[in-house]
Amino acid sequence: MNDLVKNKEKDKLAKDDRLEVNNMELRFGGVTALSRLSYDIGQSQITAIIGPNGAGKTSNLNCINGFYQPQRGEISFNDKKINGLPPYKIAQLGISRTFQNMQLYTGLSTVDNLMAARHIHLRPKLLASCLYYGWGRNKEIKHREIVEEIIDFLEMEPIRHKIVGSLPYGERKRVDLGRALALEPRLLLLDEPMAGMNVEEKEDMARFIIDINELRKIPIVLVEHDMGVVMDICDKVIVLDFGVKVAEGSPEEIKTNPDVIRVYLGDEG
Amino acid sequence: MGAYCPCGTRNFNYKKDMAIVRTPFHWAALVILLLLLFLFPTFFGGVLVNLVNEIAIITLAVMGLNILTGLCGQISLGQSAFMCVGAYTTGILAATYNIHFLVALPCGALGAGIIGLVFGLPSVKIKGFYIAMATLAAQFIIPALIATPLEFITNGSNSLRIPSPELGGIVFNSPQSMFYIIIPITVIMVFFAENLTRTGIGRAFVAIRDDDLAADVMGIDIFRYKLLAFFVCAVYAGMAGGLWAYWLRSINPDHFHLHESIKFLGMLVVGGMGSIPGAVFGVSFLLFMDYFVREFGMQMSTFFPMWAPAFQQASVPLLYGLVIVLFLIFEPRGLAHRWTVLKSSYRLRPFSY
């Protein structure tokens, strides 16, 4: 917890992290996945992106990550243009994410999965790694302490040394979130963190997300299908349909927005 | 007490949790093992010592392959070609320029590393099966290049003769004396490989193997680390090649054939991919088996003279194939997995869970 508190204090001094998406357009051949999408995320808010299947929610995250290059428009993080950068450079700026299907390193233990995400802070050197004793080990221990704080925070102590490939679904989801946190993100993207979970696990996950947001003061983008969760924990909701932004606003505004109702329930006539 | 009741062992700090040697019993075992290894040539004859020398050299080559294929997931069919580069770099430095072996060996390793980097470049665009094809190119190009166009320095297929290494008046010209060059280098490099595996670079390699997209998003420069894996892999092969040159004292491009590369992969499979002890186990197991089967074949051919060629020539490859297939079916995680099972059952003793 210590490091979370420390970060909280540090972040009070730092300015708000801010992601701006301006007029983004993404096409796959003839199919337009996203068109003229503009929004901005900041002020340490939890923002949900919702929409029916195929609305472009995950494509949108993939553009922010650098997996996809949008054909038009600009994405900037803290006033730095990030579209066009390779994914690992974007990660170094502090944008971290979880995956819909949890693309974990299944051959590594939980601790090592989280340690692997410390990579951008650890910056391993070949010689120090080979010699291990001395500098290499001290660095490992320093980062191990930070990782253990995250393990503590996400209540993963029993699975610390288990190989991730052998863990059940719910715990893997948690490791995925832990890995994203271990990168010390300035912006956290969560791709369906609640998918396939039971009520208890969803409650745990919602609690973690709120805690992360409050302790680390970082903006969180959440792609989610569970409306109950979205309406409860989010500060802002963006609704997409066929790659177009239908509505944007607080959960209360979204609930009563006629366009959103049309997207989800279809036309009346 | 740790030795008698291992399940009571607890780690109270991260330094201890990450250490390899954790209990006094471990320390004792390590010291005794190193001592036995040191005294080995005084107890055993030249044949067995030579076999252990060969095992140590091949272990280095397979260790490199283990880092590239087992950890980083890039299948390589060119390991014996990289070994060839190391052998010839070391050999030419030693034979033609009379350079001391303590300089020639690292030069050979580095030379092989640089060639490995060059053949790792295609990995920026291709992966999986196709990168195996790209390394196959190395396997075809390098020995052929050494055999003919570079004949003026490599002596081509007429073999290059290498003088025995010398240090402080001692000439290392017998299997027993070579043992004291080969084994320390192998032990140190295996230790380095273990350290590499358990620190940041090893984790980055495994991240690339298990999920390269996620590794990219988590800030790992995939291309750089793939190249690093190729470099380290080839450095190990180069060192193995250099030692091979000093050990045989005569090298020939034919020693570094494609089927050696494939054999290395087989050893890795038998030992267990991605495991440092696994590579050692795999090489030792297969080379010991090779030796005993050959001896057995010799014995049998005196009893059954009409089947002599069959016993002498076919028994080793036949058994090789059989062992690899059986391992793939029954223990795809290799001998290393058996070793982990054994260790954890010991660790939990006297309880079964």
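How many of the 269 residues of chain A count as buried? The share is 44%, where a residue is called buried if 20 or more other C-beta atoms lie within 10 Å of its own, exposed if 12 or fewer do, and partly exposed in between, with the C-beta atoms placed from the backbone. This is a predicted model, in which local features need pLDDT of at least 70 and side-chain atom pairs count only at pLDDT 80 or more, while totals for chains, interfaces and linings use all residues. Residues are numbered from 1 along each chain as its sequence is written, and chains are lettered from A and ligands numbered from 1 in the order in which they are written.

Among the elements of chain A, helix H4 (residues 110–117) has the highest mean pLDDT, 93, whereas helix H1 (residues 2–13) has the lowest, 52. Where pLDDT is low, the predicted coordinates should not be read in detail.

The overall form of chain A comes next. Chain A holds twelve helices and ten strands, these being DSSP runs numbered from the N terminus, with at least four residues (H or I) for a helix and at least two (E) for a strand. The radius of gyration of chain A is 19 Å, which agrees with the value near 18 Å that a compact globule of 269 residues would have; this radius is taken over C-alpha atoms, and the globule rule is 2.2 Å times the number of residues to the power 0.38. Along the principal axes, the C-alpha atoms of chain A fill a box of roughly 70 × 40 × 40 Å. Of the contacts in chain A with a separation of 6 or more, 69% join residues 24 or more positions apart, a contact meaning that the C-beta atoms of two residues, placed from the backbone, lie within 7 Å.

Chain A is also divided into domains, with bounds that come from an automatic or database domain assignment. Domain 1 covers 16–37 + 65–77, and domain 2 covers 96–184 + 206–217. The centres of these two domains of chain A, taken over C-alpha atoms, are separated by 29 Å.

Among the strands of chain A, four form an open sheet in the order E2-E1-E4-E5, with antiparallel pairing; two strands pair if DSSP finds at least two bridges between them. The edges of this sheet are strand E2 (31–41) and strand E5 (80–81) of chain A, each of which pairs on one side only. Strand E4 (residues 72–77) of chain A is joined to E5(A) by two bridges in the antiparallel sense, and Ser76(A) has Lys81(A) in E5(A) as its bridge partner. Further along chain A, strand E9 (residues 236–241) and strand E10 (residues 244–249) pair in the antiparallel sense over five bridges, with Asp241(A) standing opposite Val244(A) in E10(A). The hairpin of E9(A) and E10(A) has two residues between the strands, and there Phe242(A) takes a positive phi near 45°.

Chain B has 15 helices and four strands. Its radius of gyration is 21 Å, close to the 20 Å that the globule rule gives for 353 residues, so chain B is as compact as a globular protein of that length. The C-alpha atoms of chain B fill a box of roughly 60 × 55 × 50 Å along the principal axes, and 44% of its 353 residues are buried.

Gly86(B) counts as buried because it has 35 C-beta neighbours inside 10 Å. Leaving aside its neighbours within four places in sequence, Ile92(B) is in contact with Ile153(B) and Thr154(B).

Finally, the two chains meet: 25 residues of chain B are in contact with 33 residues of chain A. On the chain B side, two or more residues each come from helix H1 (14–18), helix H8 (175–198), helix H9 (200–210) and helix H10 (212–217) of chain B, and H9(B) gives the largest share, seven residues.

Key: pLDDT = per-residue confidence, 0-100.
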